[in-house]
Amino acid sequence: MGVLRSMQSLQAEVEEMREMLRGNAGGGNSGGGLKMQPASVKRSTGGDEVEGDARVVCVTGGISFVGFAVVNRLLEVGYTVRLALETQEDLDKLREMDMFGEMGRDGVWTVMANVMDLDSLCRAFEGCVGVFHTSAFVDPSGVSGYTKHMANLEAKAAERVIEACVQTQSVRKCVFTSSLLACVWRQNYPHDRRLPTRLDENCWSDESLCRDKKLWFALGKTMAEKAVWRAARGRDLKLVTICPALVTGPGFRRRNSTSSIAYLKGAHEMFSEGLLATVNVEKVADAHVAVYEAMNNTAGGRYICYDHKIQRAEEAAELDRQLGIPYRTFSENSSDRPAWFELCNRKLSRLLSARRRCTYDIYCSYRVD
């Protein structure tokens, strides 16, 4: 869902997106621009894929901070991308980016799709083999007022996306963007353990705890991810979910401030338990594409994604300062106090490492030949 902003804010965001394109344009095609084309692609008959179809994917929320990075990464590795836009504001942003024709790449077109409308989603997904659902509900007033009602809407929208994937003949795979918040909010464990409790993809946030603490953003992410797994169970659809930590990177203060502020509700407790972490948006995008490409082999289930654990009070306070959150004091963890929890992203790290080795082997083989 869109966030209403002033024209000055919209223009500033467009400039940041242009800068991102400048930074990545060197790795793309050396010619033509990124084209806004009609939503048409040749489809297979009888469910069999035809040549080229496997590289056609749809991205919901492709104009968002995470979605834009995912689209950029997909283009870099040769995919054709359909952007499913929800609002006129999203379309206006793309129209403002007149540099796309000069700095962008071929392979993108747009279609309007309402994530609450099943028919609309089916039309958007038609002809695509994969779907990346990066879209999420945000506070329409542009502040941190993510509500319980919005959490319920997010879960319903996620379920409709999976149903649309199942009903669309061409779609075979879906990558769903969840959050680390769907893993970390659990009932207290005894703190007399000799070793910390490992928190990995097998852990789920407790919905009752989220409601009691009024952690609506965490509740929404948890409900939405559980909803997609229920909807996909026993269906002809391969599904994976990515659970990123607080997403940062160039422009995050402006382009991702709403969800960032909502994410940091309860930051004191996450920090004290050793569960406050961040991840650069480029790593999130790389994880999405890497997991998608590995789904034909062994990839499946959930993947926790982070690259930095915040362990010092000044780091936590700096996040607040960057996002304009009123001053709050973070108590420095005692160096002799054991951490209660240990975040683990080993599953994703192994996949990314294997992918890098494979790329290196192919490159070396090419050079030798």
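Biologist: Which residues form one aromatic cluster?

Modeller: The members of the cluster are Tyr79, Phe132 and Tyr292. This is a predicted model, in which local features need pLDDT of at least 70 and side-chain atom pairs count only at pLDDT 80 or more, while totals for chains, interfaces and linings use all residues. Residues are numbered from 1 along each chain as its sequence is written, and side-chain values use heavy atoms, with hydrogens and water left out. On that basis, the one aromatic cluster consists of Tyr79, Phe132 and Tyr292.

Biologist: How many aromatic pairs are there?

Modeller: Rings of Phe, Tyr and Trp (its six-membered ring) pair if their centres lie within 6.5 Å; planes under 30 degrees apart are stacked, over 60 edge-to-face, and the rest tilted. By this rule the number of aromatic pairs is two.

Biologist: What is the geometry of the aromatic pair of Tyr79 and Tyr292?

Modeller: Tyr79 is in the loop between helix 2 (65-76) and strand 2 (80-85), and Tyr292 is in helix 13 (residues 281-294), so their pair ties together parts 213 residues apart in sequence. Helices (H or I, at least four residues) and strands (E, at least two) are DSSP runs, numbered from the N terminus. The ring centres of Tyr79 and Tyr292 are 5.9 Å apart with 75° between the planes, which makes the pair edge-to-face.

Biologist: Is Phe132 buried or exposed?

Modeller: Phe132 and Tyr292 form a tilted pair, 5.0 Å centre to centre with 40° between the planes. This pair links distant parts of the chain, with Phe132 in strand 4 (residues 130-133) and Tyr292 in helix 13, 160 residues apart. Buried means under 20% relative accessible area, exposed over 50%, and partly exposed in between (1.4 Å probe, protein chains only). Like Tyr292, Phe132 is buried.

Biologist: Which ring does the charged end of Arg302 sit over?

Modeller: A charge sits over a ring if NZ of Lys or CZ of Arg is within 6 Å of the ring centre and within 35 degrees of the ring normal. Lys347 lies over the face of Tyr303, at 4.3 Å from the ring centre. For Arg302, at 3.5 Å from the centre, the ring is that of Trp204.

Biologist: How many residues does the largest nonpolar core have?

Modeller: A nonpolar core is a set of buried Ala, Val, Leu, Ile, Met, Phe, Trp, Tyr and Cys residues joined through side-chain atoms within 4.5 Å. Among the residues with the most contacts inside the largest core are Leu74, Val81 and Tyr263. Helix 13 gives the largest share of this core, nine residues. The residue count of the largest core is 84.

Biologist: What is the strand order in the open sheet of three strands?

Modeller: Two strands pair if DSSP finds at least two bridges between them. Strand 8 (246-248) and strand 11 (308-309) are the edge strands, each pairing on one side only. Strand 8 and strand 9 (residues 277-280) run parallel and are joined by three bridges. The pairing in the sheet is mixed, and the order is 8-9-11.

Biologist: How many disulfides are there?

Modeller: A disulfide here is a pair of cysteine sulfur atoms within 2.5 Å. Cys122 is buried, with a relative accessible area of 15%. The number of disulfides is zero.
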